[in-house]
Structure formats: structure tokens, C-alpha cells
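Hi,

Here is the structure I promised to pass on.

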Amino acid sequence: MSLLDISSAVFIAAFLLYSGSFMLFTIAIMGRKWSGRKPEEHTARWGKIAFIVSSIGLIFHLIYFFTRWFGAGHIPVSNMYEFMTFLSMMVMVAFTVMYAIYRKVILGLFAVPISIIVMAYAAVFPQEVQPLIPSLQSNYLKIHVTLAALGESFFAVGFAAGLMYLLRTVNFSSKEKADRKQQRLIEFTLFSIIVIIGFLGSVFAFRGAGYETVFVRPNVTIDSAGQENSTIEKVSYRMPPIVAPHNSEIESFQSFLGMKEPLFEAPSWMNGVNAGRKFNTVIWSILSGLLLYGILRLIVRKPLGAAIHPVMEGIDEGDLDEITYRAIAIGFPIFTLGALIFAMIWAQIAWGRFWGWDPKEVWALVTWLFYSAYLHLRLARGWQGRKSAWLAVLGFLVVMFTLVGVNLVIAGLHSYAGTD
Amino acid sequence: MSEREAFITNTKCECGHQNPVGTVLCEACGKPLGKESDWGENLEMRYDGVARRSQRVNPSIIDRVWNFFSSVKIAIYLIVLTLLGSMLGTIFPQESTFLNIDASSYYKQEYGTAGDIYYKLGLSHTYESWWFVTLLVMIGASLVICSLDRVLPLYKALTRQKIRKHRQFLTRQKAVLVTEVQEEPEAWVARVVQPMRKKGYRVKTDGGALLAEKHRFSRWGPYVIHIGLIIFLLAVLARGLPGLNMDQHLAFPQGEITQIPDTTYYLKNEKFTVEFYTDEEMPEEFRGKKILPKLFQTKAVLYKCTADCADPTKEPQLTEATTHNIQVNSPLDYKGLKAYQFDYDLTPVLRSVQPVLKNSTTGESYGKFKLDMKNPQRTITAGPYTMTLKEKYMDFGLNEDGQPISKSPYPNAPAFLFLIQGPNLPAEGQQYFYFPKQVDKSQFQQVAINDKLGGSNRFLELEVDNMSDVDFSESTTYLNIRIDRAMPFVWLGAAIVMLGLILGFYWQHRRIWLTVINGELILGGHTNKNWFGFRREIVFILEKVDMVVDEKSIDNGGGLT
């Protein structure tokens with residue numbers, strides 16, 4: 001067995017351990033009323049077991065990381081798969097740090113699944129070890145990417161704690177207008193998370209079934225010398241095409257549930273053959289998200305927020321508010337150093353300019369400005385509790401857009417990260 | 001609201017201290033000022049309740065500007081506007097990402113109506129637009145004024161702390177403990193000093209009163225961050241000043257010493273190398289499908305001109321300054337002049353030819369001479385003939401009027417127009433067009449042009465006999481040459497920001513006040529963050545003097561920051 005094989009096996013073990021730890025955290029919190037023991041005792045006991053399991057998972061995750069490093073000959077943070085696996089590891093590191101400080105079992109119930117989702121998202125991307133292109137051959141790859149991911153992971157824990165604060169404090173039984181608005185926003189946040197799970201579910205389901213349909217699209221461009229260049233672009237759909245690329249023809253079509261052709265074609269402004277495929281993925285994610293959400297609603301028979309709310313009972317809301325803030329306060333300097341300062345130093349060495357308003361750079365700045373505003377609002381304008389929690393939730397959305405959205409939608413110089 | 005009301009309230013405290021207008025907590029004893037109905041449950045401890053410059057009565061124009069920029073609310077608006085503005089700039093690629101485009105038509109053509117609107121709103125150059133730069137300058141102003149407005153009063157307040165505080169001040173902190181103490185006040189206070197010192201507190205006592213404080217430097221963190229940001233912003237602005245900044249992209253054909261314009265430096269590309277990963281180094285899935293570059297490297301020698309630099313009649317005298325293998329992550333760096341690997345071109349470039357002037361009717365040859373593409377000689381003598389170079393075109397083409405022009409400064413299609421004088425030629429001489437490259441010769445019809453210029457009975461031709469008489473440069477490397485004198489200040493600013501962040505976020509300023517009076521202990525505690533850890537520490541200290549307290553019981557509500 002080569003190092004890389006060990007690495008993959010250990011990675012799966014870490015994934016399973018995290019999933020186990022998540023279940024144990026669930027038992028620790030949900031089972032406290034039925035266990036016959038005193039609720040605090042039950043939670044403390046099972047919480048401890050869950051934390052031990054998650055820590056073993058983290059050790060496995062670290063083994064994955066270092067075996068892949070030595071197996072590949074370079075630090076595994078150079079493409080989207082590697083970065084996402086690393087980010088999930090850092091989320092666990094940030095969780096472990098915050099857990100060590102505050103010893104709140106409930107934190108595991110919300111932070112561990114973030115790591116699991118990020119790990120599953122990593123598996124969407126090609127997993128081969130790629131050699132480094134010249135611009136990535138630098139020691140700054142080691143510190144820029146890793147520190148940026150660590151800072152963002154603390155923001156992720158801040159997001160988890162902020163969401164917990166909201167689930168704890170929003171009045172789900174009230175019919176008042178202001179409360180209804182909060183309930184709806186919470187529900188929307190939870191639905192968005194379910195859409196991401198839906199996306200992962202559909203990717204892996206269709207991949208497992210080996211689904212593929214291919215479209216071709218003639219593409220005529222006129223180059224600078226006035227010469228017409230005709231090329232044929234090919235795109236392979238790994239999900240049944242509800243929407244075909246604009247102006248395309250079917251090369252091969254695998255029928256799905258009696259569907260023999262795409263239902264409609266992407267609008268013309270969705271230029272490029274991949275835009276149609278991405279749009280199709282979005283539609284599938286929302287459909288499967290809706291399906292999943294519908295099933296969950298049928299099971300619990302009330303809004304998901306209202307269903308989770310009782311779980312949070314007895315948790316001190318002040319502690320949750322503080323954990324949210326503290327996670328962000330710990331992450332902010334790390335993020336500044338990794339995502340901005342080291343990024344600027346590296347850009348200066350590799351590209352000759354420390355700042356070039358590349359979309360990825362701009363979004364790192366947007367993230368930084370967002371959390372700066374958060375800190376000013378909290379420290380100087382006294383935004384605590386609910387407003388602050390909402391900002392922590394929204395902030396993580398900005399982080400995720402910077403990490404994933406920019407590559408999917410905008411691209412730019414960081415495009416070597418390669419996205420699906 | 002409450003600030004304005006404070007202007008008309010009497011600011012003299014009951015302890016006799018006269019406070020400036022705008023003071024929230026008495027500078028001496030800490031008793032909250034203003035109407036009792038305005039007091040919240042917890043005290044407003046920001047900047048320790050001192051008055052700031054921005055709270056002056058009857059503000060002048062300067063005061064008003066000062067007040068505007070000293071407001072944190074305004075600062076947050078500025079941050080949010082900059083954030084939104086930055087986001088707008090990423091919707092479509094910025095103009096600066098393209099090398100040669102006509103922006104006025106490009107955006108419409110590529111992105112349709114939305115692109116056209118984007119261009120017309122000026123968002124295609126968001127980050128250079130007046131409003132974006134104004135926002136950055138305003139953030140700079142806000143950084144300076146916000147900091148000055150707060151740091152000076154805060155400094156005063158923290159260096160002049162009184163140990164004995166008003167009861168109201170203590171009991172309305174966010175960490176409070178009021179409990180019975182049987183011992184003599186002074187004895188009890190003396191006993192608690194040791195465990196506090198052990199925890200790193202600096203402790204001062206005044207009879208039955210005590211003040212313990214640690215990590216005050218953490219309070220300066222935000223101001224250090226702001227100073228760093230100001231230096232950073234000023235350095236960035238300074239980069240726009242002439243002479244501090246140079247940025248050019250230049251082509252360096254292999255084997256040639258090329259001058260770097262506007263400097264006395266010359267750079268020679270001794271060898272350019274590009275390597276790709278072999279199939280064995282690639283993952284199986286990529287083999288035969290993808291080509292990944294492994295190395296781009298320019299072996300460069302930098303020369304400095306020491307004499308005859310500006311004299312066109314003399315060869316400049318060069319001395320070697322440094323050598324470096326320039327790679328993507330390893331630029332050449334010589335006294336602030338930097339050369340970055342930017343691009344390359346593997347098309348061979350013609351450097352010189354050695355043609356022979358021949359008589360096409362007799363076959364007689366008048367001798368070989370060297371014709372350099374970049375720096376050709378002005379006059380050439382070949383046998384009895386004199387050739388004068390009239391025109392040189394590096395990249396031959398015809399303009400709209402049919403006149404010959406050079407389309408670029410690169411020797412893609414070099415062409416030379418000579419005036420030949422000598423025996424059997426008209427007195428004013430005969431014009432002759434010469435295309436050294438065989439392809440150009442037929443494409444631009446050299447023979448037809450020359451027949452037109454010299455008439456059908458011309459007999460002189462320039463020809464290259466042998467391939468060894470043609471000299472090519474194998475490849476060209478493109479380097480980005482930069483000088484940026486403001487960079488050290490950019491890094492200094494960033495380093496100071498980082499220092500401030502660490503000071504401000506990884507330490508907390510903690511203070512504990514207590515008084516023992518009439519058998520009662522009144523303890524108040526304040527920290528600027530991490531109340532959780534602070535409460536735990538207070539409980540730990542009290543345990544050492546045999547007082548068992550629950551962590552939650554000293555939480556006086558809202559203590560969350």
C-alpha cells in the first residue's frame with residue numbers, strides 16, 4: 001500500500017468517526033430527558049465520549065493530511081479537493097479549541113456537521129494528486145492557504161454558535177410580526193443548509209448510478225486577425241439535464257425516469273457551455289433540497305426551527321453569544337494574517353504586485369471588512385445578542401462565497417483551484 | 001439623545017470633582033452622572049466613561065468635521081459602503097485585467113446590455129473611480145480622528161485611576177459580588193492581594209479598598225491596528241507619486257542585452273527554459289489529456305551602465321551587477337529593481353542576417369555584410385557600392401492609405417529600405433526594399449516592389465547564401481520590471497496592524513475593584529472581552545481566601561462582550 005492509499009483510507013475513517021461523534025453528540029443532548037439519569041450527568045458523560053471520538057477523528061484526519069503530504073511531495077492544499085478536506089480539518093481544530101475553552105457539549109451538535117458537510121463537498125472534486133504548477137511552487141502555499149482556512153474555520157464555529165443562539169432565543173410560539181419574521185429567516189437559513197445537503201445527495205446518487213449525458217455546442221469566435229475559428233465544445237452532464245446549455249445539441253442521452261430530452265434550454269445570457277451544466281446542478285440541488293425538507297417537515301410536523309428549539313432548552317444564551325463573539329475574535333487576526341497579509345506578500349513575490357483587485361482578493365477583503373464591521377458594531381455600538389448572531393450567520397455566507405462562489409461564478413487568477 | 005441631554009446637566013459630582021461635559025462616569029469616584037432614569041442596568045464602560053473632544057458644546061466648523069469623522073457609526077457606514085463597492089467591482093472583470101481592449105465596445109459585446117450599463121456606470125474600473133478612492137480616503141480620515149478622539153481621554157483615565165470607587169460604580173458592573181465579610185476590612189483586603197498577584201494582577205490598596213488590574217496594554221490594541229492601517233493606506237497612496245513606482249512589461253530575446261527604458265540598467269536573457277511535467281509525474285487521469293507546466297526560468301544577467309550611457313554615438317559601457325535565475329516565485333531583486341517572470345514566447349526571432357550584394361546578371365558578388373535587425377548600420381559599403389539605410393520596419397505592414405508602416409516594435413516581419421549608389425546606377429541612387437525572411441519576401445512581393453522602385457533593368461540583389469548566415473534568438477522571455485519604493489512602508493503598516501490585532505484580541509484588560517465596609521464586601525469587575533474567563537478567574541481568586549462563590553452568581557446580567 002502506498003502512502004496515498006493509506007491516506008485515502010484514513011480519510012474515510014476520519015469521516016466515519018466524525019459522523020459517529022455527531023450521533024453521540026445528538027444522544028448527549030437529545031437523550032438527556034429519557035436516559036433516567038440526571039440530564040446534566042447524561043449530557044456530560046455522553047458529551048465526553050462524543051468529544052473523544054471527534055478527537056480521534058481529528059487525529060485520523062491529521063494522519064490523512066501528512067501521509068498525503070509525504071506521498072504527493074507537496075502540502076495537500078493545492079486544489080479544491082485538498083483545500084476542502086483541509087478546511088474541514090481546520091473546522092474541527094477550531095471546534096476543539098472552542099470546546100476546550102467553553103466545554104459546551106451542544107457546540108458539537110452544530111460544529112461537527114459543518115465539518116462533515118465540507119468533507120462531503122470535497123469528495124465532489126477530482127481527488128488525484130496533481131503536480132504543482134510554477135506559480136504554486138512556494139513556501140507561501142503552506143502558510144497563506146492554511147492560515148486563511150484556519151481563520152475561516154473559527155468564523156464557521158462562530159456561525160454554528162450564532163445559529164444556536166438564534167434557535168435558542170427566537171420565540172417560536174409567538175404570532176407577533178417581529179417574531180414571525182425571525183422564525184421565517186431561521187427557517188430559510190436551515191433550508192439553505194438542506195439545499196447544500198441536497199446538492200451533495202444528488203451528486204453522489206447520480207455518480208453512484210454512473211449517469212452521463214453529453215452535449216455539444218459549436219462555438220465560433222473571431223480572433224484579432226479577423227479569422228473565424230470554429231470549435232466544438234463538449235460538456236458532460238453527470239445529472240439528468242433538466243436544462244440544456246444554450247444553443248447546444250445532444251451527443252448522447254441517457255434517459256432518466258422516462259425523460260428523453262432536456263425540459264428546456266438555458267437562456268442566452270448564460271454564456272458558455274458550462275453555465276448550462278452549473279444551472280442544471282443548481283436546479284437539482286434545490287429540487288432535492290425541497291424533497292428532503294418536505295420529508296423532514298412531514299416527520300416533525302412543524303417548522304424545523306420550532307422543532308430544534310426545544311433541544312436548546314436550558315442552554316445559557318449568554319454563553320452562546322459569547323462563544324459566537326469569541327470564535328470570531330480568535331479567527332479575525334488569523335484570517336487577517338493568512339488571507340490578507342501573507343496573501344499580499346506572496347502576490348508580491350509571484351506576480352510582482354501585492355494587490356491587483358483580483359476577484360478572490362476582493363472577496364477576501366469583503367470578508368475582512370464584514371467582520372471588521374461586526375466587531376465595531378459589537379464593541380463600540382453595543383450590538384449583542386440577536387443582531388450580532390445574525391451577523392455571524394451572514395458572515396459565514398460571505399466566507400463560503402469567497403471560498404466556493406468566486407471560483408464557481410467569477411473565476412480569475414485563483415482559477416487553478418478548479419471547481420465543478 | 002442622552003449625549004445631548006448630558007450637555008445641560010450639571011457635571012459636578014457629589015464627591016466634589018468637576019467633570020468635563022460629556023462625561024458619563026465621574027472621573028474620580030466612578031459614580032454615574034446624569035439623570036438616574038437614564039442609567040441602564042449596567043454601566044456604560046466604553047472609554048471608561050470619559051468625555052471626548054467630539055462632545056464639545058457649541059461646536060465650530062472644525063469641530064463638526066471632527067465630530068463627523070470621530071463617529072464610529074460613520075466609520076461603520078464607510079466600511080459597509082466600501083464593502084458593497086468592492087463587491088460591485090467583481091460582477092464583471094475589470095478593464096485592468098485585459099491588455100488590449102476597447103472597453104466602450106467590449107463590455108457590450110461580451111456581456112450584452114448588462115455589460116454596457118456596467119461600463120457606463122464606470123464599474124468597469126471600480127477601484128480607480130473617484131468615489132471608491134474617496135471612500136478609502138474617508139476611511140483614512142476616520143481612522144485618524146476616531147483614534148485621536150478616544151485614545152487621549154482613555155489614556156488619561158487609565159493612568160489616573162482612583163482606588164476607592166462609588167458604590168453605584170461597583171454594583172452596576174457586569175461582574176458583581178456583594179457579600180458579608182466578618183474580618184477587619186484591612187486584614188481581608190491584605191489577604192486577597194497575594195492570590196491576585198499570583199494571577200498576574202497589579203494590585204493597589206487603600207485601606208479597605210482595592211484595585212487590581214492586568215493587561216492594560218490590550219486596550220491599546222485597536223489604536224495600534226488603526227495606526228498600522230493609516231501607515232498602510234499612506235504607503236499605498238504614495239505609490240501613486242512619480243519616481244516611487246515603475247511598472248513595465250518588456251520582451252527579452254534570448255542572448256541579447258536589452259536596455260530597461262528610463263533606467264541605466266541592461267538585462268541579458270542568457271537562457272530561457274520551460275519544462276512540462278512528464279507523463280510519469282502526472283496522475284493517470286491526466287496522461288495524454290493535460291499539459292502542466294513545471295518550470296519557467298530565465299537565466300538573467302543584470303548590467304549597470306557606467307559610462308557613455310546617453311551618448312548615441314558610443315557603445316554604453318556595462319558592468320555586471322548581478323545574476324539570477326528568475327522563476328515565477330523567485331524574482332530578480334537588485335537594489336529595489338525587480339524583474340518578475342511574466343510570459344514567454346518560443347517562436348524564434350530573427351536577430352541578424354549576413355546577406356551578399358550580388359549582380360544578378362553577371363553573378364558577380366560584392367561582399368558579405370552583417371545586418372542587425374535591432375541596430376542596423378546606417379551605411380554599408382559593398383564593393384564599389386554604398387548602401388544607405390533610409391527606413392526600417394520591424395513588423396512590416398501597410399496602413400489604410402497603402403503606406404508602409406511598422407505594426408509593432410517586435411521583429412516579426414522586418415523590412416529595410418536602402419538607397420544604393422555606385423557604378424551603373426542613376427546619380428541620385430536606386431531604392432531597394434529588402435525582406436530578410438523568406439516568407440515575407442514572397443508574401444510582400446519583394447521583387448515586384450523593387451521592379452517598381454528601380455525599373456526593370458535593375459541588376460542588384462541582396463541574397464543570403466547559407467543558413468549559417470542567419471542568426472536567430474531561440475525564444476523570448478517577457479519580464480515585468482518593477483520598482484516600488486513604498487513597499488517597505490506597506491509591509492511596516494501590515495506588521496503594525498498584526499501586532500495590534502494580537503494585542504487587542506488575544507489579551508483582555510481586566511480590572512477588579514473592591515471595598516470592604518461595615519462588614520460588607522462589594523466587588524465589581526470589568527473586562528473588555530471574555531467575561532466567561534474573567535468570572536472564572538474571580539471565583540478562583542476568592543476560593544483562595546476561602547470564599548466559595550458560584551460563577552453564575554457574579555454575572556450581573558448582559559455581561560457578554
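Helix 2 of chain B (residues 61-70) packs against helix 5 of chain B (residues 130-159) at an angle of about 95°, and their axes are 8 Å apart. With that angle, helix 2 of chain B counts as roughly perpendicular to helix 5 of chain B. On the helix 2 side of chain B, the contact is made by B:Trp66, B:Phe69 and B:Ser70. Helix 5 of chain B answers with B:Ala141, B:Ser142, B:Ile145, B:Cys146 and B:Asp149. Sorted by class, this contact between helix 2 and helix 5 of chain B has five nonpolar, two polar and one charged residues. Before you read on, do keep in mind that this is a predicted model.

Chain A has a helix pair to set beside that one. Helix 4 of chain A (residues 105-122) and helix 5 of chain A (residues 140-169) pack with their axes 9 Å apart, at an angle of about 130°. The two helices of chain A are therefore oblique to each other, and helix 4 of chain A passes helix 5 of chain A in a right-handed crossing. What does each helix bring to this contact? From helix 4 of chain A come A:Ile106, A:Leu107, A:Phe110, A:Ala111 and A:Ile114. From helix 5 of chain A come A:Ala156, A:Val157, A:Ala160, A:Ala161, A:Leu163 and A:Met164. The class count for the contact of helix 4 with helix 5 of chain A is eleven nonpolar, no polar and no charged residues.

Chain B has twelve helices and 25 strands. Its radius of gyration is 39 Å, well over the 24 Å that the globule rule gives for 561 residues, so chain B is more spread out than a compact globule. The C-alpha trace of chain B spans about 130 × 55 × 55 Å along its principal axes.

Chain A has eleven helices and five strands. Here the radius of gyration is 23 Å, close to the 22 Å from the globule rule for 420 residues, so chain A is as compact as a globular protein of that length. Its C-alpha trace spans about 75 × 55 × 55 Å along the principal axes. For chain A the assignment gives domain 1 (3-172 + 303-417) and domain 2 (213-282), with 35 Å between the centres of the two, taken over C-alpha atoms.

Last, the interface. How many residues of each chain are in contact across it? The count is 45 residues of chain A and 47 residues of chain B. On the chain A side, the elements giving two or more residues are helix 9 (317-351) and helix 10 (359-381) of chain A. Helix 9 of chain A has the largest share of that side, at 15 residues. By class, the side of chain A that touches chain B has 29 nonpolar, ten polar and six charged residues.

Cheers

Key:
Residues numbered from 1 in each chain as written. Chains lettered and ligands numbered in written order. Predicted model: local features only at pLDDT ≥ 70, side-chain atom pairs only at ≥ 80, totals over all residues. Domains from an automatic or database assignment. Contact = placed C-beta atoms within 7 Å. Helix = DSSP H or I, 4+ residues; strand = E, 2+ residues; numbered from the N terminus. Nonpolar A, V, L, I, M, F, W, Y, C, P; charged D, E, K, R; others polar. Axes fitted to C-alpha atoms, helices over the stretch in contact; angles between N-to-C directions. Parallel < 35°, antiparallel > 145°, perpendicular 65-115°, else oblique. Left-handed = near helix turned anticlockwise from the far one by under 90°. Rg over C-alpha atoms; globule rule 2.2 N^0.38 Å.
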